Amino acid sequence: MVPSISRRAFIKGGLAAAGTVAASGVPARAARLDERRQLATLLDISKCVGCEACVEACREVNEEKKPNPRKPFPAMYPPRVKVEDWSDKKDVSDRLTPYNWLFIQSAAVEIDGKEKTLTLPRRCMHCANPPCVKLCPWGAAQQLENGIARIDADICLGGSKCKAVCPWSIPQRQTGTGLYLDLLPSLAGNGVMYKCDRCYDRVADGELPACIEACPEEVQTIGPRPEIIKKAHQLAKETGGYIYGETENGGTNTIYVSPVPFETLNRQIEKGSGRPHLKSVAATMEQADKLVAAMLIAPFAGAIAAAGKYYKMFKSTKEEGAPNE
Amino acid sequence: MNKDPLNRKTPKKRTFQYGYAALILLLALSGFGQMPIFKRYYIADIPGLGWLAEFYVTHYLHYLGAVLLIGAAAYVLADFLLSRRKTLQLTPTGLLLSALLGGILLTGAFLVLRNLPGFWFPPGVIIVMDLSHLIGVMLFLMATLYGILFKKSWTIAVHNHMERE
């Protein structure tokens with residue numbers, strides 16, 4: 001069964017509304033991130049034929065956002081800092097690179113006793129609580145109110161921390177471009193990190209992300225997260241499928257539904273640099289967040305300890321002074 | 001030897017001071033460790049300092065340090081308000097350090113809130129808060145160093161202060 005919201009209905013409704021939110025600029029208020037405003041995508045792996053139309057569309061539509069490094073690259077100190085240059089390998093499309101934000105992964109599996117090759121588009125998962133955004137040292141990685149995680153190429157210094165904290169090591173670095181060239185190019189920074197921004201600018205204009213629009217098989221469906229989760233469960237129930245992305249890293253806005261378990265897929269796909277895994281992922285931010293309760297208790301504990309000391313002191317002073325009173 | 005009973009170094013005071021110094025060191029190291037610098041500059045290669053290059057470890061330790069700092073700050077503030085207000089007063093250095101520490105705690109609290117799932121703030125606000133926290137810490141460390149080098153205390157006994165004036 002074809003899942004969920006049709007493209008047309010989506011463009012008319014939800015996306016236009018979400019786009020308006022994004023296009024209306026930065027609201028001058030802090031907000032609880034409303035899950036209904038977060039846009040999630042559902043990817044039905046059983047429909048993907050691996051034609052790479054999405055890969056091509058992504059490259060074409062985002063061409064202007066791609067790096068244009070200045071050469072020669074500045075000498076970097078200390079020498080352990082390695083140049084990462086993809087500018088002569090722009091055509092690489094079988095992995096993630098600064099020039100290729102989406103690629104097709106394939107896995108040879110067995111379904112109902114028959115051998116089959118499954119293909120699936122891979123790109124940034126757009127975590128609901130993205131560590132790349134939360135842990136970026138100074139806010140170059142950003143999350144939009146509609147849940148899209150993007151890296152601002154104008155201010156990213158290319159330290160690659162976002163890649164280190166990403167459970168799937170998604171962002172890719174290009175040396176020789178970005179703000180670091182105007183600061184201390186030899187001593188700090190090393191370019192700009194690039195990854196899928198889920199066509200945030202198109203979404204802001206009420207359009208679909210290029211990969212979704214270009215797909216001839218309608219592999220992807222986009223909509224508010226709760227609806228997409230519901231659709232994913234419905235699809236999994238109908239097809240006896242498996243879900244990935246709903247709970248990974250505390251929940252992502254990219255939900256895959258596969259006819260085979262993801263452990264099987266993960267074993268079969270090619271993994272490594274620029275080729276993310278499909279393992280289950282615990283919430284990376286959760287451990288530290290558990291200490292927040294202690295942070296709330298700490299001021300009271302400190303004040304009570306001081307009050308206790310004061311009471312003891314007051315009592316002993318009173319006792320010492322009692323005969324004279 | 002300092003004859004002023006309020007400024008005398010008791011073992012308790014000494015323990016508190018060493019503990020405070022260790023805490024600031026932990027917070028400064030784990031805080032600067034939020035930037036990808038310790039591996040680049042070989043500092044994480046020093047035996048025992050490898051954790052400085054582990055972002056989730058420094059993040060956790062920074063939070064742990066923050067719990068202790070918040071508790072200690074609340075204790076010192078409550079202690080000052082309850083029993084030392086009449087006998088001690090902040091020196092200009094103490095006032096500066098307190099203001100900077102207050103700012104660091106407030107911006108830090110914002111960043112903790114930002115990190116919680118489901119909380120969203122405009123990217124511009126996050127950049128301002130990130131930079132304010134970092135600049136606040138750098139100024140605080142410089143002011144602390146100034147205090148150590150020029151033997152400036154946070155507080156001064158009120159009667160001493162009056163006499164000097």
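Buried area is the accessible area that two parts lose on being put together, summed over both. In this predicted model, the area buried between chain B and chain A is about 4,200 Å². Carbon and sulfur atoms give 67% of that area. On the side of chain B, Arg40(B), Tyr56(B) and Trp120(B) lose the most area to chain A. Together these residues account for 21% of what that side buries.

The contact draws 54 residues from chain A and 39 residues from chain B. Polar contacts link 16 residue pairs between the two chains, counting pairs with both residues at pLDDT 80 or more. Four elements of chain B each supply at least two residues of the side that touches chain A: α2 (55-84), α3 (92-115), β2 (119-120) and α4 (123-149). The largest share comes from α2(B), with 17 residues. By residue class, the side of chain B that touches chain A divides into 26 nonpolar, six polar and seven charged residues. Two salt bridges are found across the interface. In a salt bridge between Lys309(A) and Asp79(B), the side chains meet at 3.2 Å, N to O.

No disulfides are found; the count over all chains is zero. Two cysteines of chain A illustrate the result. The closest cysteine sulfur to that of Cys166(A) belongs to Cys127(A), at 6.3 Å. A disulfide requires sulfur atoms within 2.5 Å, so this separation is too far for a bond. Cys166(A) is buried, with a relative accessible area of 14%. For Cys215(A), the closest cysteine sulfur lies in Cys51(A), 6.2 Å away, and is likewise too far for a bond. Cys215(A) is also buried, at a relative accessible area of 10%.

The backbone of chain A has two cis peptide bonds to describe here. One joins Lys71(A) and Pro72(A), with omega of about 0 degrees. Another joins Tyr77(A) and Pro78(A), with omega of about -10 degrees. Pro72(A) sits in the loop between α2 (53-61) and β3 (103-111) of chain A. Pro78(A) is placed in the loop between α2 and β3 of chain A as well.

Positive phi values occur at two non-glycine residues, Asp112(A) and Ser169(A). For Asp112(A), phi is about 50 degrees. This residue is found in the loop between β3 and β4 (114-122) of chain A. Asp112(A) is exposed, with a relative accessible area of 76%. Ser169(A) also has a phi of about 50 degrees. Its loop runs between α4 (161-165) and β7 (172-174) of chain A. Ser169(A) is partly exposed, with a relative accessible area of 32%.

How values were computed:
Residues are numbered from 1 along each chain as its sequence is written. Chains are lettered from A and ligands numbered from 1 in the order in which they are written. This is a predicted model: local features need pLDDT of at least 70, side-chain atom pairs count only at pLDDT 80 or more; totals for chains, interfaces and linings use all residues. Side-chain values use heavy atoms; hydrogens and water are left out. Buried means under 20% relative accessible area, exposed over 50%, partly exposed in between (1.4 Å probe, protein chains only). Contact means heavy atoms within 4.5 Å. Buried area is the accessible area (1.4 Å probe) that two parts lose on being put together, summed over both. A salt bridge is a side-chain nitrogen of Lys or Arg within 4 Å of a carboxyl oxygen of Asp or Glu. A polar contact is a pair of N or O atoms within 3.5 Å; within protein, one must be able to donate a hydrogen and the other to accept it, and residues adjacent in sequence count only if both atoms are side-chain atoms. Ala, Val, Leu, Ile, Met, Phe, Trp, Tyr, Cys and Pro count as nonpolar, Asp, Glu, Lys and Arg as charged, and the others, Gly among them, as polar.
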